[in-house]
Amino acid sequence: MRTAYSVETVRAAEQALMARLPEGALMQRAAAGLAAACADLLRRAGRVYGSRVVLLVGTGDNGGDALYAGARLARRGAGVVAVRAVPGRAHEGGSAALLAAGGRVVDGGESTTHQDWAGRIDLVVDAITGIGGRGGLRPDAAGLVGRYTAHGAPVVAVDLPSGVEADTGEVPGEAVRADATVTFGAYKPALLVDPAAERAGALRLVDIGLGAELPGVPDLEALQYADVAALLPVPAAESDKYRRGVVGIAAGSARYPGAAVLAVSGALRGGAGAVRYAGPGGAAVIARHPETLVHAGRPARAGRVQAWVVGPGLGDGTDAVAAVSDILATDVPVLVDADGLRLLDAEVVRARTAPTVLTPHAGEAAALLGARREEVEAGRLAAVRELAARFGATVLLKGSTTLIATDTPHTPVRVNPTGTGWLATAGSGDVLSGLTGSLLAAGLAPLDAASAGAYLHGLAARRAADGSPLAALDVADAIPAAWRDVRA
Ligand SMILES: NC(=O)C1=CN([C@@H]2O[C@H](COP(=O)(O)OP(=O)(O)OC[C@H]3O[C@@H](n4cnc5c(N)ncnc54)[C@H](OP(=O)(O)O)[C@@H]3O)[C@@H](O)[C@H]2O)[C@@H](O)CC1
Ligand SMILES: Nc1ncnc2c1ncn2[C@@H]1O[C@H](COP(=O)(O)OP(=O)(O)O)[C@@H](O)[C@H]1O
Ligand SMILES: [K+]
């Protein structure tokens, strides 16, 4: 499991650890890790000796980390110039160490020879702000970043790309765009959640000994292969199709019959023993998936299932309203997606005795919250937490970062680490809802079903796309291979 912790938690852990260590020890550990990461990058393009490194340093300890790391690089023969974002102000000990190692420290506005380097820099180290940054980069700092990154030299961010909000992943103004981020002690939420995460580049975590001081429950967690493998259902020797779970799918309409096929195609690959389809798309479903049990009437008469999926392509006619109300009235787990979300009443969802999972994209989440789509995209963590609390449900918010939150206090939000931009294709969400519903029917808890579903869906999409556009059915077809990858 990859975990991320809030600034408050990281600071508390650092305090506890620092109390037991000599002064400055943590910053030296951070600097050593940072210097090693920079040296790796420099070696990839040439060598450390003779390379040109510019450190963009702010006034806090983030700048201190970079200055000490710069000193280490200077001792290995790199030409290192630290450019202060605020004239005359930078970490004193770090500045002295860099000077003693043969580096230079200058002010951002100064016209000095180092500016002749601008087109010949091998590495820019962004150390303007770390976890102490607030708001977007101030204009001077933003100007400095623009000047030194314009020529395309690789950028390594120290702890976080400067200008992003560490706890939320929001990017309220100007922020650095890094090729790599070297972070200390623990991941911060911004490194895993867009729009900030997309600015962090490749992540490298430096162990500074913080682990034992961090609480057992993180703010955010991302499942990895082994976590997902442990969740996936496996048929036992005595299993039969009913014991493995039956998932019901209420999707599609005369106007959108394809949604029924797509949701069923996901459900067939999700571990349930059988898929029941209820709705007007039975002929299209059977044509593609003859193993489906189809029923043309209302879901209430379709037969017993262990979980329902309702919503994809349902439209907003009377049949759709009837399907949503039938299904919300059941005592089994229900996943509501797409058109189903437009017909939701928070009180009805809250009053359910069995779990409910909602799977909105940013536009649907915005409609449920009475907000604008851009607001949801800019503040995904807040949006997913708010929706889970309002509806008393598990909420999977789709998009460039998929997040899953529950309404249970002190439960980490899960962030899905798989996926590809190619998934932004019509109908891929229908495959996800079928797949996740199938995992619910197989007995996974809502948070686990949603996060394992998103994980497999993203992995299947990567396999199916492999650098080229994909269609939603390709994702469904690649789920078995993703499943095998995870269990390998
Ligand atoms: N704690 C530890 O044990 C360890 C911490 N470590 C390191 O310390 C980092 C935290 O250091 P920190 O607390 O000094 O804050 P930091 O991120 O340098 O920024 C604060 C400065 O930035 C300024 N500033 C703020 N907003 C701004 C903006 N929008 N645009 C421009 N400037 C802005 C603000 O200026 P002021 O408001 O005072 O004028 C303030 O001076 C942490 O990320 C990690 O790298 C490691 O060494 C491991 C051990
Ligand atoms: N930029 C993106 N990067 C990665 N995945 C994305 C991106 N945009 C959308 N997705 C994923 O693509 C799927 C689209 O689902 P959805 O919006 O419901 O589409 P549809 O309703 O057409 O099925 C979701 O799994 C979502 O997480
Ligand atoms: K930084």
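Modeller: Helices (H or I, at least four residues) and strands (E, at least two) are DSSP runs, numbered from the N terminus. Residues are numbered from 1 along each chain as its sequence is written, and chains are lettered from A and ligands numbered from 1 in the order in which they are written. The model is predicted, so local features need pLDDT of at least 70 and side-chain atom pairs count only at pLDDT 80 or more, while totals for chains, interfaces and linings use all residues.

The part to look at is D126, which is found in strand 5. An unreviewed UniProt entry gives the feature "binding site" to N62, D126 and S162. UniProt positions are in the numbering used here, feature names are shortened, and annotations may be inferred rather than shown by experiment. These three residues are spread over 101 residues of sequence, yet they cluster in space, with a largest C-alpha distance of 9.5 Å.

Next comes burial. A residue is buried if 20 or more other C-beta atoms lie within 10 Å of its own, exposed if 12 or fewer, and partly exposed in between, with C-beta atoms placed from the backbone. D126 is buried because 33 other C-beta atoms lie within 10 Å. N62, which lies in helix 3 (residues 61-75), is buried because it has 26 other C-beta atoms within 10 Å.

Contacts show what surrounds them. Two residues are in contact if their C-beta atoms, placed from the backbone, lie within 7 Å. Not counting residues up to four places away in sequence, D126 touches L56, V145, V155, V156, A157, V158, P161, S162, V176 and A178. S162 in that list also belongs to the annotated site. With neighbours within four places in sequence left aside, N62 is in contact with A127, T129, G130, G132, V158 and D159.

Now the wider setting. The chain is assigned domain 1 (2-220) and domain 2 (225-487), with bounds from an automatic or database domain assignment. The contact between them takes 15 residues from domain 1 and 13 residues from domain 2. The touching side of domain 1 has eight nonpolar, two polar and five charged residues. Here Ala, Val, Leu, Ile, Met, Phe, Trp, Tyr, Cys and Pro count as nonpolar, Asp, Glu, Lys and Arg as charged, and the others, Gly among them, as polar. The C-alpha centres of the two domains lie 40 Å apart.

Another "binding site" annotation in the unreviewed UniProt entry covers K398, G399, S400, T401, T402 and G429. These are spread over 32 residues of sequence but cluster in space, the largest C-alpha distance being 13.8 Å. K398 is found in the loop between strand 16 (394-397) and strand 17 (403-405), and G399 has its place in that loop too. K398 counts as buried because it has 25 C-beta neighbours inside 10 Å, whereas G399 counts as partly exposed because it has 18. Sequence neighbours up to four places away aside, K398 touches T359, P360, H361 and G429.

Of the 18 residues around ligand 2, H361, K398, L423, A424 and G429 come nearest; a residue is near a molecule or strand if its C-beta atom, placed from the backbone, lies within 6 Å of it. Helix 15 (residues 428-441) gives the most to this shell, with four residues. By class, the shell has five nonpolar, eleven polar and two charged residues.
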